[in-house]
Amino acid sequence: MINKDNISYSNVIPNAEQFIKFREDCGWGRIELAQAKQALNNSLFFISAFNDKQLIGFGRVIGDGALNYYIQDLIVDTAYRKQNIGSTIMTLLMSHIKKNKLPGKCTVGLMAALNKHDFYQTFGFIYRPNNKFGPGMTVDVD
């Protein structure tokens, strides 16, 4: 049983080594140290979840800070899933965007992991394609 009193959230960015290990431990694959450092340094905002001092969840916002934001790397340790940690991180990320965005409309995008789209729909995200938008697309570049 998880003691929720020990779980805290902050915008403390994990160091690159923690980030690499956390992603790898959660099945997201290994990335290079230089990639991790630059990705973290170029983030607009981040939320880390800790159980005492152990990193158990993470999410960040990337983008241009004006028209387009992107939710990236929303990850929760498998031992801590189904405890509302991901929802709390997502709520904090979206609250930050809404509070800090420039006046006018902006777009927040993301790529949901397989079978996680319903989670994001609860935050107002919509399925693509639909009558207005085509499919989201990605390409990996080696």
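User: What does the lining of the largest pocket hold, by class?
Analyst: There are 21 nonpolar, 8 polar and 8 charged residues. Asp, Glu, Lys and Arg count as charged; Ala, Val, Leu, Ile, Met, Phe, Trp, Tyr, Cys and Pro as nonpolar; the others, Gly among them, as polar. This is a predicted model: local features need pLDDT of at least 70, side-chain atom pairs 80 or more, and totals for chains, interfaces and linings use all residues. Residues are numbered from 1 along each chain as its sequence is written, and side-chain values use heavy atoms, without hydrogens and water.

User: What makes a residue part of the lining of the largest pocket, and which lie nearest its centre?
Analyst: A pocket is an open set of 1 Å grid points where a 1.4 Å probe fits, with protein on both sides within 12 Å along at least five of seven lines; lining residues have an atom within 4 Å of a point. By that test, 37 residues line the largest pocket. Nearest its centre lie Trp28, Asp73, Leu74, Ile75 and Ala113. The pocket has a volume of about 1100 Å³.

User: Which element gives the most to the lining of the largest pocket?
Analyst: β4, with 7 residues. α1 (16-25), α2 (33-41), β4 (68-76), α3 (85-100) and α4 (117-121) each supply at least two.

User: What lines the second largest pocket?
Analyst: Its lining has 29 residues, with Val108, Gly109, Phe125, Ile126 and Arg128 nearest the centre. They divide into 17 nonpolar, 7 polar and 5 charged. α3, β5 (107-109) and α4 each supply at least two. About 980 Å³ of space lies in this pocket.

User: Why is cysteine 26 called buried?
Analyst: Buried means under 20% relative accessible area (1.4 Å probe, protein chains only). Cysteine 26 is at 12%, so it counts as buried. Cysteine 106, at 18%, is buried too.

User: How many disulfides does the whole structure have?
Analyst: A search finds 0. A disulfide needs a pair of cysteine sulfur atoms within 2.5 Å.

User: Why are β1 and β5 called edge strands?
Analyst: The open sheet has 5 strands in the order β1-β2-β3-β4-β5, with mixed pairing. β1 (7-10) and β5 each have a single partner strand, so one side of each lacks a neighbour in the sheet.

User: How do you know that β4 and β5 pair?
Analyst: Pairing takes at least two DSSP bridges between two strands. β4 and β5 have 3 bridges, in the parallel sense. Here asparagine 68 stands opposite threonine 107 in β5.

Conventions:
Buried means under 20% relative accessible area, exposed over 50%, partly exposed in between (1.4 Å probe, protein chains only). Grid points are joined across faces, edges and corners, and a volume is the space filled by probe spheres set on the points. Helices (H or I, at least four residues) and strands (E, at least two) are DSSP runs, numbered from the N terminus.
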